[in-house]
Amino acid sequence: MLIPCPWCGPRDEREFDFGGSDAKFPSIGTPRDSTTDTWYEAVHIRENARGDTRELWYHLSGCERWICLTRDSVTHEFTNASTSDQGEHPGESDAD
Amino acid sequence: MQTNRIQSSGFGNAIDRSRPLTFTFDGRKLTGYSGDTVASALLANNIHLVGRSIKFHRPRGILSCGVEEPSAIVRCTAPGLNPVPNLKATEVLLSEGLIVESQNSWPTRNFDVFGLLSFGPRFLQAGFYYKTFLWPHFGWHRFYEKVIRNFAGLGRIRTEIPGTGGYPTNMDQRNKFCQVLVIGSGPAGMNAALVCARKGARVVLVEQEPTFGGSLLWRKQAIGNITADRWISDALDELSQYPHVTQLPRTQAFGHYDHGMVLAYQSGEWPDSGIFWKIHAERILLASGAIERPLVFPNNDRPGIMLAGAVRKYLNRYAVRPGRRAFIAVADDNERKATISDCVAANIEIAACLEHGQQIVDTNGRRRVRSVSVKTAENKIIKHNCDLVCVSGGWTPTVHLAAHLQGNLQFDNEVQTFIAPEHRGPLLSVGASRGIFNLESILSNSEYQAHKAMTQIGLSGECGSNQTAKVENPIDRPDLPAGSNYRAFVDFQNDVTAADLVQTVSEGYRDIELVKRYTATGMGTDQGKTSWTNAIDQVAAATGEPPEQLAHTTFRPPYSPIPFAGIAAARTGEQMKPIRRTPTHRVFEQMGCVFQKSGDWLYSRYFPQIDESLEQAVAREVQAVRTGVGFVDMSTLGKFEVRGQDAENFLSRVYCNNVSGLPIGKIRYGLMLREDGIVFDDGVVARLGDEHYIVTATTANSHAVWLWLTKLAQIQWPALDVTLTNVSENWASIAIAGPRSREILGRLGLDIDSSQLDFPFAAVREGRLQGDASCRIFSVSYSGELCFEVNIPAGYTSGFVERLLEIGADFGITPYGLEALDVLRIEKGHLTVGREIDGRTTPGDLGLAKMVSNNKDFIGRALLRRPGLQSDDRLQLVGLTAADGVSEIPIGGVLAESSLTQSSRQEVNGYLTAAVFSPTVGKSIALALLRNGHRRDGEELWAVSPVAGASTKVKVGTTCFYDASGDRFNA
């Protein structure tokens with residue numbers, strides 16, 4: 001697979017570590033969120049969707065950043081790559 | 001004497017008659033020419049019988065002239081190399097001195113004992129093994145297997161030459177990037193490559209054979225008024241002029257993967273070189289052509305029965321006349337005419353042709369076909385004497401690569417087989433591989449598809465009109481005669497007959513994938529290239545379903561076998577998995593250190609003195625640390641700097657114990673949980689500045705903890721102001737441990753005060769070493785003794801260790817390794833990842849429940865509360881000592897209520913995580929995870945090792961065997 005790293009461009013999958021689903025944890029320190037049930041849902045209940053899935057990859061042999069990607073689990077087509085912390089494509093902001 | 005070689009120079013455009021070669025086949029010395037394959041050279045020497053079939057040991061010859069060959073499987077070697085089994089004689093290029101041997105025959109190819117299997121009634125029918133060797137249940141392993149292995153299986157791996165020396169090793173792996181990859185260089189591929197190259201596209205053209213041109217090389221059809229040979233050489237000349245075109249001959253594209261990646265293997269000089277290509281293409285034009293299908297009739301497997309196209313190829317390409325008198329059974333009218341014309345031109349007498357409405361009912365000839373019996377439309381049987389039968393049931397498009405990525409093929413009624421549908425990916429099928437067989441149509445189709453690819457990647461293309469699959473004359477394949485056709489072979493390599501398929505369907509295996517697995521149809525080195533369409537037809541007939549209703553079996557890479565050595569290429573040994581060495585490695589080596597592998601690392605194990613055993617060395621090293629001073633390499637620990645306004649908040653969320661409010665210059669032990677509440681890792685948290693921390697991770701988890709921390713910081717809590725830096729490799733870490741370590745520290749020339757008040761336990765100091773190298777010193781202890789972990793820039797390590805030895809000489813400073821480190825930590829009951837922290841234990845299980853903070857939220861808190869993780873009935877960490885104080889506790893034992901017995905099964909209540917003889921305590925001690933262990937203090941039970949055949953009575957106690965109050969590291 002060619003993984004579209006927002007920082008490094010399309011790169012071979014061998015450069016990456018897979019980081020699982022892009023599931024957000026309940027927020028820390030908020031008692032309402034931080035119950036066993038909400039954490040159970042967040043940690044153990046996964047969609048395993050046929051089609052678009054949001055997932056994380058770590059660009060080990062590259063920028064060493066975590067990136068979020070949308071991958072079609074059937075065709076392996078990637079859409080919507082974003083850096084983890086900006087939530088937007090770094091190239092886009094540069095292009096302005 | 002090459003009796004079958006045609007002397008006229010009008011034949012044989014593949015061979016170079018000026019370069020004769022010698023080779024041997026089953027010990028017989030033969031000759032051929034440069035350019036020959038083993039198959040063409042054998043046929044030139046009038047050898048048809050090449051080997052025996054896998055199941056019935058029937059004589060088998062050469063069916064085809066290429067990658068699809070199911071029957072002519074040989075073992076080849078060159079002097080000084082190990083033989084390589086299961087090679088297709090039709091693929092191996094002849095080389096000087098090549099040693100070729102037949103397979104599956106015993107004692108000889110001409111007389112095979114097991115060949116008797118093919119006589120008599122049906123013996124090895126489909127599912128034979130499954131049905132026959134069920135009883136008694138132990139029989140398979142005890143005796144059936146041993147007998148069957150002798151005459152089953154394909155080929156033998158032999159290693160006359162030991163080591164890897166006798167195997168092909170000269171393999172390379174390369175990447176190639178292009179805009180258009182063209183697979184196949186027949187008329188479709190060559191024309192498509194020309195169109196793309198003229199548009200300026202970066203093109204890679206791969207061809208599995210040594211010569212470009214594909215079917216044009218032997219079909220000899222003129223293109224317009226230009227001969228085929230001329231057209232090919234003009235095209236190659238033009239392509240060679242373009243610097244952006246790469247031609248790869250002898251390269252087989254064997255797998256199509258995501259995002260336009262195609263893997264290809266280019267064979268070099270047989271057998272010891274090759275290149276494994278990873279070709280990344282924006283568009284792939286699949287012009288892989290078609291493979292001829294044989295006809296299914298009784299005894300259709302005799303040597304001398306060959307595919308019509310293969311016969312033409314042997315005549316025209318290799319100037320080899322495979323027979324003198326041929327019977328022609330070709331379903332397609334045009335193909336039949338062309339076959340007859342080529343045979344006649346090569347002086348092959350035509351015995352007869354199979355006409356429409358006729359059936360072949362039998363053939364004769366033990367080691368070579370002698371005659372064909374034909375039933376006419378009037379039900380008359382006519383016997384034709386011949387020594388060659390040219391068969392063809394039409395051509396099957398080579399669709400494999402189009403189907404590798406879940407591309408389901410569709411049945412095309414016109415071509416009467418499966419072809420690739422229009423793909424939405426980067427692959428476009430061109431020419432015969434999409435069912436177009438007419439040369440003019442192939443050329444116009446390849447132009448259209450090439451323009452389409454150009455347009456898709458943004459190079460202007462002028463799309464003309466498309467050409468869809470067209471067959472000029474519907475193919476009229478002769479029917480199988482009625483009756484049980486248990487010698488009418490569908491799959492030659494696996495000896496699957498038409499009768500087997502009928503029987504399989506009648507036993508209920510109707511799905512084509514099940515049929516494949518029950519009968520082995522389509523398995524083996526040829527992967528059913530000549531059999532899969534015939535098999536579908538037979539199954540369709542047996543089930544009564546039309547073939548378009550049947551699916552096909554899944555096509556997977558590789559298209560054809562490729563050497564494992566090519567996949568591995570240079571990535572062997574350390575190039576596959578490099579060994580990591582710590583900064584101390586060189587100086588430790590000089591000190592006579594014995595190293596051991598630990599994960600990726602080569603780690604110092606112990607430092608033996610002359611004539612000292614491992615046990616003696618470890619006891620000495622342990623004693624030095626307990627009574628004097630020693631030092632150990634801790635450089636493999638993960639070391640991560642954490643900076644930023646929210647660094648404290650971040651760490652507070654990550655560790656389950658309280659780490660906030662840590663004063664600058666102080667250290668705290670940190671326990672990290674996974675989000676499900678299980679212990680992940682432990683280490684220390686040291687505060688270096690206001691917004692500056694450094695944390696450590698265990699060696700084994702170093703990378704995992706780094707990924708975890710960065711993921712939390714970047715993904716889960718991007719709003720936190722925290723910056724992580726991995727400095728694991730920047731700092732070497734030497735722990736100086738023992739009651740006299742403070743004295744050593746005082747003499748190192750540090751610009752920090754090392755007196756107790758200024759450097760208490762659990763503190764960190766930054767300074768310089770002799771006014772030069774910066775250093776960080778952590779007073780933490782894994783050994784239980786007073787200990788200072790000195791971090792220095794990795795490049796200074798050797799000098800530092802040498803200085804340490806010099807300063808410490810008066811104190812008897814003793815380097816120690818992993819073995820002594822382990823003894824020391826077991827004596828203190830300290831934890832190790834992989835032993836006690838094994839991915840199943842909670843803080844409570846490890847006796848650390850009190851560490852878990854109740855005053856804050858952290859990763860793992862919520863799910864740690866689950867009742868299952870809080871239950872008393874869990875395995876809990878305890879310390880064990882031998883009850884009699886003398887016996888040795890067996891390593892790797894389990895815990896039971898009674899000693900090891902021969903007869904009874906024991907209930908196991910836990911297992912040992914570590915067991916060692918403690919020189920300090922003077923007896924065997926162990927750590928163990930014991931069910932409900934924390935409430936079993938003082939109880940006695942048995943540590944049992946069925947593997948070692950030993951059991952020892954042990955007493956349950958605390959995990960700390962030494963200095964439970966911790967006075968020693970506060971000294």
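How many strands make up the closed barrel of chain B, and in what order do they run? In this predicted model, the closed barrel has six strands, in the order β42-β45-β44-β43-β46-β47, and their pairing is antiparallel.

**The barrel in chain B**

- Strands of a sheet pair through backbone hydrogen bonds, either parallel or antiparallel.
- In this closed barrel of antiparallel pairing, neighbouring strands are turned by 45° against each other on average, with direction ignored.
- Strands β42 (residues 875-882) and β47 (residues 950-957) of chain B run antiparallel and are joined by four bridges.
- To find one residue pair here, look for Leu880(B), whose bridge partner in β47(B) is Val956(B).
- Helix α22 (residues 818-828) of chain B packs on the sheet, where it touches β44 (908-918) and β45 (923-931) of chain B. The direction of α22 makes about 120° with that of β44(B).

**Two packed helices in chain B**

- Two packed helices are described by the angle between their axes and the distance between the axes.
- For helix α7 (residues 308-318) and helix α8 (residues 333-345) of chain B, the angle is about 35° and the axes are 10 Å apart.
- Their crossing is left-handed.
- On the α7(B) side, the residues that meet α8(B) are Ala308(B), Val311(B), Arg312(B), Leu315(B) and Asn316(B). Their counterparts in α8(B) are Glu335(B), Thr339(B) and Asp342(B).
- Sorted by class, this contact has three nonpolar, two polar and three charged residues.

**Helix α10 of chain B**

- The buried residues of α10(B) include Leu439(B), Ile442(B), Tyr448(B) and Met454(B).
- These buried residues of α10(B) pack against β8 (170-183), α4 (187-198), β13 (273-286) and β25 (427-429) of chain B.
- Just after α10(B) comes Gly458(B), with a positive phi of about 90°.

- Chain A has two helices and six strands, arranged along the sequence as β-β-β-α-β-β-β-α.
- Of its 96 residues, 19% count as buried.
- Where the two chains touch, 21 residues of chain A are in contact with 17 residues of chain B.
- On the chain A side, β3 (17-21), α1 (36-44) and β4 (52-58) each give two or more residues, and α1(A) gives the largest share, four residues.
- This side of chain A divides into 10 nonpolar, seven polar and four charged residues.

- Pro557(B) and Pro558(B) are joined by a cis peptide bond, with omega about -5°. Pro558(B) is in the loop between α13 (532-543) and α14 (564-568) of chain B.
- Asn48(A) is not a glycine, yet its phi is positive, about 50°. You will find Asn48(A) in the loop between α1 and β4 of chain A.
- His259(B), also not a glycine, has a positive phi of about 60°, and it lies in the loop between β11 (251-257) and β12 (261-267) of chain B.
- Is each of these two residues buried or exposed? Asn48(A) is exposed, with 8 other C-beta atoms within 10 Å, whereas His259(B) counts as buried because it has 21 C-beta neighbours inside 10 Å.

Conventions. Residues numbered from 1 in each chain as written. Chains lettered and ligands numbered in written order. Predicted model: local features only at pLDDT ≥ 70, side-chain atom pairs only at ≥ 80, totals over all residues. Axes fitted to C-alpha atoms, helices over the stretch in contact; angles between N-to-C directions. Left-handed = near helix turned anticlockwise from the far one by under 90°. Contact = placed C-beta atoms within 7 Å. Nonpolar A, V, L, I, M, F, W, Y, C, P; charged D, E, K, R; others polar. Pairing = 2+ DSSP bridges. Buried ≥ 20, exposed ≤ 12 C-beta atoms within 10 Å, placed from the backbone.
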